[in-house]
Amino acid sequence: YLKNDDYAGLQNYFSTVKRLLPSNTVHFCKHNTLNMLLVYFDQLAKENHIQFSANIQLPESLPIPDHDLAVLIGNLVENAVEACIVQKAGEKRILICGQHQGNRLLFTIDNTFDRPIKQDRSGIYLSSKHPGTGIGIESAKAIVQRHNGQLQLRQTDNMFCVSIAMELT
């Protein structure tokens, strides 16, 4: 749904999943849409033997459309899960932190990886699935820019780190 910009389909999917989930489901945050997304990725991580941790301090509602938040975090966490799935050696781990401070929304998404990350000469990240730029990072950048924010990407020896700061108006 995210890849096809089908936000109505995504909302329908979340509604269906919410009805089917047991009441003892892991609870990551008060924001329902984001919580459902994180529950999905937590399950996917468990199925692939990836340590998944999310510390999210958000209220039930935010002055940002749910579909913007779902696309932003969904694309970035999906990239993190995919990087861990193809990781051959070492501990596989994803750590997500998010909080609402005043009129700002802050997130970090860190994941392990063990393959070279492709970039073009200007530093634009390239897709590992097809020729050209990655759709996930580019759509995340567009959402962050639309909300007067900044998105920073950095890599260390075996960690890929995304930092997001956005204005909530």
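**Aromatic pairs and a buried asparagine**

Phe 28 counts as buried, with a relative accessibility of 11% (buried means under 20% relative accessible area, exposed over 50%, and partly exposed in between, with a 1.4 Å probe and protein chains only). The model is predicted, so local features need pLDDT of at least 70 and side-chain atom pairs count only at pLDDT 80 or more, while totals for chains, interfaces and linings use all residues. Residues are numbered from 1 along each chain as its sequence is written, and side-chain values use heavy atoms, leaving out hydrogens and water.

**Aromatic pairs**

- Rings of Phe, Tyr and Trp (its six-membered ring) pair if their centres lie within 6.5 Å; planes under 30 degrees apart count as stacked, over 60 as edge-to-face and the rest as tilted.
- The count under this rule is three aromatic pairs.
- Tyr 1 and Tyr 13 form a tilted pair, because their ring centres are 6.0 Å apart and their planes lie at 40°.
- Tyr 1 is partly exposed at 47% relative accessibility, and Tyr 13 is partly exposed at 34%.
- Phe 28 and Phe 52 form an edge-to-face pair, with 5.8 Å between centres and 75° between planes.
- Phe 52 is buried, with a relative accessible area of 14%.

**Asn 75**

- Asn 75 is buried, with a relative accessible area of 5%.
- The side chains of Asn 75 and Ser 139 make a polar contact at 2.8 Å (a pair of N or O atoms within 3.5 Å; within protein, one must be able to donate a hydrogen and the other to accept it, and residues adjacent in sequence count only if both atoms are side-chain atoms).
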